[in-house]
Amino acid sequence: MTTSSSGRILDFQYQAYAQRVIFGAGCARSDLANEVKLLECSRVLVVAGGAELAVASELTTELPVVGMFSGVRPHVPVTVADAVRALAAESEADVVVSIGGGSTTGTAKALALSSGLPIVAVPTTYAGSEATPVWGLTDEQRKTTGVDVRVLPRTVLYDPELTTSLPMDLTVASALNAMAHCIDALWAPKANPISSALAVAGIRALGSALPPVSRDGSDLAARADLLYGAYLAAVSFGSAGSGLHHKICHVLGGAYGLPHAPMHAVVLPHVLAFNSPAAAWAATEVAEALGAEDALEGLLALYASIAAPRSLRDLGLAQADLAEAAALVVEAAPPSNPRPFDLADAEQLLHHAWAGDRPQAQPTTAPEATA
Ligand code: NAD
């Protein structure tokens with residue numbers, strides 16, 4: 001076994017993904033046309049929907065646009081994927097420019113998955129889909145996900161100016177979705193020292209920027225930190241894979257259609273409470289990055305300061321669905337989780353998350369994770 005002088009295990013595998021990243025206030029306006037040109041593309045299909053449509057039209061006036069797809073819907077229904085593919089074929093597009101949150105990026109990814117068209121992504125939330133090779137599609141309440149490098153955007157332009165319009169409830173939930181990428185990456189199946197270093201830096205950026213942004217949504221410097229943290233979060237998640245938290249949310253989102261970012265925000269402290277007694281190394285890293293003595297207390301203090309969502313009941317999950325959800329969640333739990341997760345654990349965790357109870361760390365005798 002290879003260990004560092006501090007005792008860290010340094011036998012690992014790390015898959016890096018090639019992507020060009022431009023970061024800075026105003027970069028979407030100043031650099032988008034040039035980035036498309038650098039890819040030697042000349043027929044742009046724009047994907048944007050909802051509140052982002054107006055800004056997308058404005059940002060793409062200088063581009064050689066051959067089509068505009070605005071039919072974005074949450075979780076990328078297969079009918080939406082079929083529609084964007086038809087428009088791309090009809091307009092003979094050679095590049096996709098996606099401007100929006102995870103649902104918009106996901107729509108562009110569905111197109112890239114079948115066509116191989118390159119994506120230039122301009123994210124407007126903290127979901128992080130633009131920095132992962134993960135795609136997702138839904139068909140009649142069933143969500144299928146996969147990993148394919150063809151869907152990884154070639155270029156991402158991170159412009160914090162585009163995030164100031166994000167309403168505060170979505171801002172808080174979306175940034176906590178990014179926080180969940182970071183924390184779950186510390187014990188996910190493919191966790192490694194590189195993904196963990198990125199995750200810890202992401203926790204630090206997100207944790208320090210969320211309180212000022214929640215006080216003043218127009219604070220551009222703090223918005224920049226949130227977007228930076230969101231990028232680190234996405235790269236760490238893309239490398240480490242889905243841990244217990246993401247598996248739980250994948251089940252809940254797919255089976256009960258709960259809103260993506262708020263659901264992640266609600267579940268995260270409960271997973272941290274469950275796993276941290278069996279993953280002391282990860283808990284110490286989270287605590288330090290949040291500037292707290294204890295990981296869970298630090299996260300709960302952050303939640304209290306930003307009015308974070310707390311209950312799955314408030315998000316629309318019916319109490320009658322809890323038993324079925326617990327059974328589905330246990331099946332999905334990763335065998336590599338630092339702590340065994342059985343049906344009673346799943347029932348308890350989901351009940352507390354549903355009711356909005358304060359999560360309590362439970363002692364364990366399971367062996368400690370060291371990744
Ligand atoms: P979203 O894209 O659905 O956006 C949520 C809402 O915010 C929408 O109404 C949208 O119009 C609005 N919005 C977005 N940006 C805005 C802005 N700047 N100003 C005002 N309104 C704005 O939600 P999301 O949380 O960004 O993404 C969730 C989706 O992304 C889910 O389907 C999830 O599965 C996927 N996702 C995928 C990955 C991956 O790696 N593949 C990672 C994270 C999330």
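Q: Given that helices (H or I, at least four residues) and strands (E, at least two) are DSSP runs, numbered from the N terminus, in which helix is His245 found?

A: This is a predicted model, in which local features need pLDDT of at least 70 and side-chain atom pairs count only at pLDDT 80 or more, whereas totals for chains, interfaces and linings use all residues. Residues are numbered from 1 along each chain as its sequence is written, and side-chain values use heavy atoms, with hydrogens and water left out. His245 is found in helix H8, which covers residues 244–256.

Q: Is His245 buried or exposed, and which residues is it in contact with, leaving aside neighbours within four places in sequence?

A: Buried means under 20% relative accessible area, exposed means over 50%, and partly exposed lies in between (1.4 Å probe, protein chains only). His245 has a relative accessible area of 0% and is therefore buried. With contact taken as heavy atoms within 4.5 Å, and with neighbours within four places in sequence left aside, His245 touches Ala180, Asp184, His264, Val267, Leu268 and Val271.

Q: How many aromatic pairs does a search of the whole structure find, and what kind of pair do Phe274 and Phe341 form?

A: A pair of aromatic rings is described by the distance of the centres and the angle of the planes. Rings of Phe, Tyr and Trp (its six-membered ring) pair if their centres lie within 6.5 Å, and planes under 30 degrees apart count as stacked, over 60 as edge-to-face and the rest as tilted. The search of the whole structure finds four such pairs. The rings of Phe274 and Phe341 have centres 5.3 Å apart and planes at 80 degrees, so this pair is edge-to-face. It links distant parts of the chain, 67 residues apart, since Phe274 is in helix H9 (residues 260–275) and Phe341 is in the loop between helix H12 (322–332) and helix H13 (343–355). Phe274 is buried at 8% relative accessible area, and Phe341 is also buried, at 11%. Elsewhere, ring pairs join Phe23, Tyr158, Tyr228 and Tyr231 into a cluster.

Q: Which charged ends sit over the rings of Phe274 and Trp354?

A: A charge sits over a ring if NZ of Lys or CZ of Arg is within 6 Å of the ring centre and within 35 degrees of the ring normal. The charged end of Arg339 sits over the ring of Phe274, 4.3 Å from its centre, and that of Arg313 sits over the ring of Trp354, 4.5 Å from its centre.

Q: Where does Glu92, with its positive phi, lie?

A: Glu92 is not a glycine, yet it has a positive phi of about 50 degrees; it lies in the loop between helix H3 (78–91) and strand E4 (95–100), and at 56% relative accessibility it is exposed.
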